[in-house]
Amino acid sequence: MQHFASDNYAGICPEALAALLAANDGHVRAYGDDEWTRRAADRLREVFETDCDVYFVFNGTAANSLALAALCQSYHSVICHQLAHVETDECGAPQFFSNGARLLAVAGEHGKLTPAAITEVVTRRSDIHYPKPKVVTLTQASEVGTVYRPDELQALTATAHELGLRVHMDGARFANAVAGSGVAPADLTWRAGVDVLCFGGTKMGLPVGEAVVFFDRRLADDFAYRCKQAGQLASKMRFLSAPWLGILEGDAWLRHSAHANAMAQRLAKGLAAVAGLQLLFPVEANGVFVQLPSSLEQGLRARGWLFYTFIGAGGARFMCGWDTAPATVDRLLADIRQLADER
């Protein structure tokens, strides 16, 4: 049975698995000094149309935390949305790896930061007793499934850079944002002023692994040492990097992400047709948020459906993965309609 609690529930996509198995051949140099890692990094440079620095780590928390630590000192602060994963779901890792940099969480409609919110935080205080703002981190797609457009990003990054801040992007679902917007990856990152991206691989079909992409290569100075110290330098790096090559070649990453987004649209359309149900946010990636009556929520759980109600700004979250089947969406909708009729 497929579920909607998380897109992490899905297995390895065929392209990533094939590349992983192909890499399991003979002896290869360790710690990233291998052909698979070099080719995967070069392919990412082609995807982003720029000569960026690329590092492969095990998971998103490590990627975000180490990237943020590279951008600030312990006495600095990082501006984020109040629903950001770095604030709500990373167990203080960004603060830990930066030796104490503080997160300053602000509100924003539809899970997004605004230039005004950034300006307010930076100008709130300038005395030495306050942790000096140094970085803005934003999530693409956001924690509530919305997507920043290029013009929104440009406005945010222009404000940030004018105020002397660096810009980090948590791209756990960056692939879904690209597929949903139809915009080139470069236009959603460095061309819009983003300094470093944590590009999520796990949610789009990799077995494990994220890519930390520095568009401003000066910021990556000594980053390899950070990865090593944090236990994020894989000795058999080819098994982290090879699956990336599998999904990047032939643009499988975009096809799978577009499918996940399409399944979210299918679900959203069905939910909107059920009397009494209200979608909480625009569906622009692969997540659907809906306000469910408690009786309906309990009924779905009794029928074995798994989904979260503690993520985002309330309501129930249904995440679609690269492998979510149309029949699975339709079964869920059938149960929702039946339970709604019984109320």
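This is a predicted model: local features need pLDDT of at least 70, side-chain atom pairs count only at pLDDT 80 or more; totals for chains, interfaces and linings use all residues.
Residues are numbered from 1 along each chain as its sequence is written, and side-chain values use heavy atoms, with hydrogens and water left out. Helices (H or I, at least four residues) and strands (E, at least two) are DSSP runs, numbered from the N terminus.

**Pro 14 and helix H1**

- Pro 14 sits in helix H1, which covers residues 14-23.
- Pro 14 and Gly 205 are 191 residues apart in sequence, yet their C-alpha atoms are 8.3 Å apart in space.
- H1 packs against helix H10 (residues 238-248) at an angle of about 135°, and the two axes are 7 Å apart. Axes are lines fitted to C-alpha atoms, for helices over the stretch in contact, and angles run from 0 to 180 degrees between N-to-C directions.
- That angle is why H1 and H10 count as oblique to each other. As for the cut-offs, angles under 35 degrees are roughly parallel, over 145 roughly antiparallel, 65 to 115 roughly perpendicular, and the rest oblique.
- The crossing of H1 and H10 is right-handed. A crossing is right-handed if the near helix is turned clockwise from the far one by less than a right angle, and left-handed if anticlockwise.
- On the H1 side the contact uses Glu 15, Ala 16, Ala 19, Leu 20 and Ala 23, and H10 brings Arg 238, Phe 239, Ala 242, Pro 243, Gly 246 and Ile 247.
- By class, the H1 and H10 contact has eight nonpolar residues, one polar and two charged. Ala, Val, Leu, Ile, Met, Phe, Trp, Tyr, Cys and Pro count as nonpolar, Asp, Glu, Lys and Arg as charged, and the others, Gly among them, as polar.

**The H6 and H7 pair**

- Helix H6 (residues 115-124) packs with helix H7 (residues 150-162) at about 15°, with axes 9 Å apart.
- H6 and H7 are therefore roughly parallel to each other.
- Their crossing is right-handed.
- Pro 115, Ile 118 and Thr 119 of H6 meet Ala 155, Leu 156 and Thr 159 of H7.
- The contact of H6 with H7 is made of four nonpolar and two polar residues, with no charged ones.

- Strand E2 (residues 76-81) is mostly covered, with six of its six residues buried. Buried means under 20% relative accessible area, exposed over 50%, and partly exposed in between (1.4 Å probe, protein chains only).
- Both faces of E2 are covered: His 76, Val 78 and Cys 80 are buried on one side, and Ser 77, Ile 79 and His 81 on the other.
- E2 runs parallel to strand E3 (residues 102-106), joined by five bridges. Two strands pair if DSSP finds at least two bridges between them.
- Arg 102 in E3 is the bridge partner of Ser 77.
- E2 also runs parallel to strand E4 (residues 132-139), this time through four bridges.
- Ser 77 stands opposite Pro 133 in E4, and Ile 79 has Val 136 of E4 as its bridge partner.
- E4 is mostly covered too, with six of its eight residues buried.
- E4 goes on to pair in parallel with strand E5 (residues 166-171) over five bridges, and Val 136 has Val 167 of E5 as a bridge partner.

**Antiparallel strands**

- Strand E1 (residues 53-57) has five of its five residues buried.
- Asp 53, Tyr 55 and Val 57 are buried on one face of E1, and Val 54 and Phe 56 on the other.
- E1 pairs with strand E7 (residues 210-214) in the antiparallel sense over five bridges, and Asp 53 stands opposite Phe 214.
- Elsewhere, an open sheet of three strands runs in the order E8-E9-E10 with antiparallel pairing.
- Its edge strands are E8 (278-279) and E10 (316-319), each pairing on one side only.
- Four bridges join strand E9 (residues 287-291) to E10, with Val 288 opposite Phe 318.

**Ser 257**

- Ser 257 lies in helix H11 (residues 252-272).
- With a relative accessible area of 2%, Ser 257 is buried.
- Ser 257 touches Ala 175, Asn 176, Ala 179 and Met 204, not counting residues up to four places away in sequence.

Definitions and conventions:
Contact means heavy atoms within 4.5 Å.
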